[in-house]
Amino acid sequence: MDKALIEAIRVASPDNQISCTKARELSERFGIPLSEIGRLANELKIKIVACELGCF
């Protein structure tokens, strides 16, 4: 796993929750699929909230 990406996810989710908007921003910033952000969030026990698509 990319340590910079993991750190960015943790910084974006100080209360173990990350908004869908922030997850999408990280996906674009790191040039990876949104599904990868979701997978990493699951591994890190971080909940995705305020989903714009109603998926989470």
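This report describes the fold, the nonpolar core and selected helices and loop residues of a predicted protein model.

## Overall architecture

The secondary structure of this predicted model consists of three helices and two strands. Read from the N terminus, these elements follow the order α-β-α-α-β. Contacts between residues 24 or more positions apart make up 65% of the contacts with a separation of 6 or more.

The protein has 56 residues, and 34% of them count as buried. Its accessible surface amounts to about 3800 Å², with 52% of that area belonging to carbon and sulfur atoms.

## The nonpolar core

The largest nonpolar core comprises 16 residues. Within this core, the residues with the most contacts are Ile9, Ile18, Leu26, Ile37 and Ile46. At least two core residues come from each of helix H1 (3-12), helix H2 (20-30) and helix H3 (34-43). H1 gives the most, contributing five residues.

Ile46 illustrates how this core is connected. Not counting residues up to four places away in sequence, Ile46 touches Ile9, Ser13, Asn16, Gln17, Ile18 and Ala41. Two of these partners, Ile9 and Ile18, are themselves listed with Ile46 among the core residues with the most contacts.

## Helix H2

The buried residues of H2 are Cys20, Ala23, Leu26 and Ser27. Viewed down the axis of H2, these buried residues fall within an arc of 120°, and they therefore line one face of the helix. Glu28 and Arg29 are exposed on the other side of H2.

The cover over the buried residues of H2 includes H1, H3, strand E1 (17-19) and strand E2 (47-49). Just after H2, Gly31 adopts a positive phi of about 65°.

## Helix H3

In H3, the residues Ile37, Gly38, Leu40 and Ala41 are buried. Their directions, seen down the axis of H3, fall within an arc of 165°, so the buried residues line one face of this helix. The face turned away from the buried side carries Ser35 and Asn42, which are exposed.

H1, H2 and E2 are the elements against which the buried residues of H3 pack. One of those buried residues, Ala41, is also a contact partner of Ile46. Just after H3, Lys45 takes a positive phi of about 60°.

## Two loop residues

Ser13 lies in the loop between H1 and E1. With a relative accessible area of 2%, Ser13 falls under the 20% limit and is therefore buried. Leaving out residues up to four places away in sequence, Ser13 touches Ile18 and Ile46; both of these isoleucines are among the core residues with the most contacts.

Ile32 is located in the loop between H2 and H3. Its relative accessibility is 23%, which lies between the limits of 20% and 50%, so Ile32 counts as partly exposed. Apart from neighbours within four places in sequence, Ile32 is in contact with Leu5, Ser27 and Ile37.

Methods: Residues are numbered from 1 along each chain as its sequence is written. This is a predicted model: local features need pLDDT of at least 70, side-chain atom pairs count only at pLDDT 80 or more; totals for chains, interfaces and linings use all residues. Side-chain values use heavy atoms; hydrogens and water are left out. A nonpolar core is a set of buried Ala, Val, Leu, Ile, Met, Phe, Trp, Tyr and Cys residues joined through side-chain atoms within 4.5 Å. Buried means under 20% relative accessible area, exposed over 50%, partly exposed in between (1.4 Å probe, protein chains only). Helices (H or I, at least four residues) and strands (E, at least two) are DSSP runs, numbered from the N terminus. Contact means heavy atoms within 4.5 Å. The arc is that of the directions from the helix axis to the C-beta atoms. Accessible areas come from the Shrake-Rupley method with a 1.4 Å probe; for residues, only the protein chains shown count as cover.
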